[in-house]
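Here is a walk through one structure, chain by chain. Keep the viewer open and follow along.

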Amino acid sequence: MKTTQQLLKSIDPSFDVVVRPIPNARMDVVFISTIVDLTRVEERLLGPLTHIPRQRRGDVSDWLDNTLRLSDIKRVSNVDDAVKALFANYAVLCLQREYIIVGVQGLSRRQPQEPSTDIAIRGPRDGFTESIDTNVSLLRTRLKDPKLIFDKFIIGERTRTTVLLAYVRDLAHPDIVREATERIQRVKIDGLLENGVLEQWIEDNPWSPYPQIQSTERPDKTVAALLEGRIAILADGTPFVLLAPAVMVSFFQTTDDYSQRWWSGTVLRLIRIFALMVSIFAPSLYIALTMYNPELIPLTMVLQLAATREGIPLPIVMEALFMELMVELVREAGNRMPHQMGQSYAIVGGLVIGNIAVQAGIVSPMMVIAVALTALGAFAIPNYEAAFVTRMIRFPMLMATSLFGIIGTLGFALILCAHLSTLKSFGVPYLTPFSQMNVPDLKDTLVRPPVQVTTSRPATYWSPRSWLRRATYRTKRSKA
Amino acid sequence: MKQVNRNVLAILLFECLLGTGTAEWIPSWTEELHSAVWALFTLYVLLMFGVGLLMIRLMQSMPKEFAGCTMFDYFFGQKVGAVLNVSLIGTLLTYTGKSLLLGVSLIHYAALPYTPTVALVLLSLFVSVQLLSAGFEAMLRFQIVLFWPAFILATILLLISFRTSDFSNLLPAVPTTWKPVVHSAPRVMQLLPGLILLVVYLPIFKKFGMSADNSNRSFVYASIGIVLLHALNLLAVLAVLGPFEASSLQWPVLEMIRIQKLTGPFLERLDLIFLLPVLISVVSAVNLYAYGAYYVLSHYTKPYQRQALIFIFTTVLLLTTLPSNSERFNDVYGVIVTAFELMFFSLMPFMWLRSYMRVRERRIAK
């Protein structure tokens, strides 16, 4: 068959490329055995084809449309399109003048499981998987809105990864959707294996250490974001979904804030903000107060601190840097180990190294406490990227503090604040809504008020129907 | 969500009127008038409200789009406006240098006596350069985000200092003769350089479509806030330190916080904590004045905005690091700023007249 020869010429020979001639119908079926569902191929494609009636030999395409019990059937005349389909889990029927591609995808995928990063105490237990179809179904089952749109893109010249841009048509701002579409279309790379790469291609400021797009493994979180007028970007082969625009506050909000009573949610959120502050400032303030301004601390405490530091050869800054590096080392090693060993290693490593360092007289017990508080604070931040940046900025802050004392801490914090003021995520300022001081939008930020108070959709993400929900809710209440 | 709204304008106006927030005017006022400074303070309040509201009114008479960057361009035409704008750039840069020098000497006094000035100036300018190059909205975001934490912290610390107050220090509150009040009246100018900034910022807000109602409301809120804060500063300093001690100190508010002894387990003194809001307001003042100068300069150097930024950065660096005697130069800078203020206030009636005539012409044309 000429079309079959053209198709095979366009691809390199491989052990799993199967060509099955169907003599009765003058056609060949070509598929890649490792990526299709062989049962479906045999039962629903090859089976019916071998029973093709003799009088249909001339033109079988209409017959195929009516007979094959497979929904995904398309005609293509171009050999390039046929090749692309072949590698996208389709079987290709090579007829005399055209190709028919039949969807027989069958790669076994992981079932939705509880997310490993976005853990919620009270909330749904299913998380995204590596299959984009499964992920779409998880979203569709939660958000049964006909206005939920999925725009499809193929990224990667070689991997040809499917990327979907999801949004609710009347909630997402058209400018943000347009901007996201343009940015995704501009990505020209060989391969896209993980949407962390995509994130770096499409974010506003790639030089900033701060994440400008939020990632999540949770379908409920994604749906909540879509309902706020944000967009979600799904990529095949990864269980992480990107949410944009992302503002600083969004990295500190979790499912648990909303699933529990408002005061529990508020306390949790305040604890997280306290954790952030401790994580950034604890070691720097400790250094500033003990090294530069001990006169601010009560005498009894100064004496106690001096006693714990007696005989320690390292300057206090080196002590802090040494301990911080140790903590990072233990954490990174724990991450790379198998899960069963990782946790035990982290605990044992932390305890043993801390204890031995104190006994050996390299660091003081107070420094161990300060660094442990810092590490705990960073782990209490719900988003991995945000937590990582928080841990990393401690090092330059320590250096600034060691040079200028508390003025260095403040100076570095101001520089950081200036940097955050310049950041945007898809046009939305990173410090929204604090930087606009628009009171209704400040409600669900530092505290989580009762749900009756937060019925309005925040204007944070430029949703065009920002105030509609509140108006509807109030009207209903007053009627009732 | 709009970055420019009436809350943002109110906060920006507050910060413009506040200046560096170091309250270095208190010793100079109490030196001559002792506890009877309230008459002078009333004069300040009247002047600020009068000039401020007049400027808001002038802003309202301006069209949303006009070929210029400041109020001078609109009311004096392009040529005279350009001359005034150049002197405005000089004044704004001078005040930026003055603010930075104040901040540095405060740090030298309170925390780091031996740290080189250039290091502290560079640390501060690193903030400004980031914001200036990112544009007006980025600068606004920085100012707005830091406003409430600094304001709340400063107010709490001021209120705490009343623990050691003696309200009999406030007497006599009314001067026995009015001669010293008249004599010290020019010192009011120390608190008014912020009004110069409105020449630059009000037209920007006008271009963003800020309505007359919102501008008025923002100015009233900002003015009330600033009057209350200055009154609280003055009241606390007089009540805690007394007029004679207050007049002999360079940083009376800082000293007042410094003498507050706590018995808590972690902190014994609060002066370094008070340094945080003060330094935030110094950095805010530097940003506002530097951006004002940059905005006007870049209007004339378009499209070479980067060169304008380099010029601003270099000038401020030289103004702050070259003087061998920072206190003396601080006074010189103060004189330059006051001279421009006087010129600006004397131009106000002319601007008002131009505005009145234009409105009348428009009415006749209709």
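In which loop of chain A does Pro245(A) lie? Pro245(A) sits in the loop between strand 10 and helix 9 (255–259) of chain A. Helices (H or I, at least four residues) and strands (E, at least two) are DSSP runs, numbered from the N terminus. The peptide bond from Ala244(A) to Pro245(A) is cis, with omega near -5 degrees.

A word on conventions. Residues are numbered from 1 along each chain as its sequence is written, while chains are lettered from A and ligands numbered from 1 in the order in which they are written. The model is predicted: local features need pLDDT of at least 70, side-chain atom pairs count only at pLDDT 80 or more, and totals for chains, interfaces and linings use all residues.

Start with chain A. It holds 17 helices and 12 strands. Its assignment lists domain 1 (2–103), domain 2 (132–246), domain 3 (269–429) and domain 4 (439–475); such bounds come from an automatic or database domain assignment. Between the C-alpha centres of domain 3 and domain 4 of chain A there are 36 Å. The C-alpha atoms of chain A fill a box of roughly 105 × 65 × 35 Å along the principal axes. The radius of gyration of chain A is 29 Å, whereas a compact globule of 480 residues would have one near 23 Å. That radius is taken over C-alpha atoms, and the globule rule is 2.2 Å times the number of residues to the power 0.38.

Burial comes next. Of the 480 residues in chain A, 38% are buried. A residue is buried if 20 or more other C-beta atoms lie within 10 Å of its own, exposed if 12 or fewer, and partly exposed in between, with C-beta atoms placed from the backbone. Contacts in chain A with a separation of 6 or more come from residues 24 or more positions apart in 64% of cases. Two residues are in contact if their C-beta atoms, placed from the backbone, lie within 7 Å.

Helix 7 (residues 195–202) of chain A gives a local example. Its buried residues include Asn195(A), Leu198(A), Glu199(A) and Ile202(A). They cover an arc of only 105 degrees around the axis, so they lie on the same side of helix 7 of chain A. The arc is that of the directions from the helix axis to the C-beta atoms. Among the elements that cover these buried residues are strand 6 (148–155), strand 7 (161–168) and helix 6 (174–186) of chain A.

The loop between strand 6 and strand 7 of chain A holds Arg160(A). Phi of Arg160(A) is near 45 degrees, a positive value in a residue other than glycine. Arg160(A) counts as partly exposed, because it has 14 C-beta neighbours inside 10 Å. Most residues other than glycine have a negative phi, and most peptide bonds are trans.

Now chain B. It has 14 helices and 0 strands. The radius of gyration of chain B is 21 Å, close to the 21 Å that the globule rule gives for 366 residues, so chain B is as compact as a globular protein of that length. Buried residues are 46% of its 366 residues.

Two loops of chain B deserve a look. His34(B) lies between helix 2 (25–33) and helix 3 (38–61) of chain B, with phi near 55 degrees. Pro303(B) is in the loop between helix 12 and helix 13 (305–321) of chain B. A cis peptide bond joins Lys302(B) to Pro303(B), with omega about 0 degrees.

What ties the chains together? The contact takes 32 residues from chain A and 32 residues from chain B. Helix 16 (residues 406–422) of chain A gives the most to the side of chain A that touches chain B, with 11 residues.

Finally, the largest nonpolar core has 198 residues, of which Ile231(A), Ala232(A), Ile233(A), Val237(B) and Ala293(B) touch the most other members. A nonpolar core is a set of buried Ala, Val, Leu, Ile, Met, Phe, Trp, Tyr and Cys residues joined through C-beta atoms within 7 Å. Helix 12 (residues 271–301) of chain B gives the most to this core, with 20 residues.
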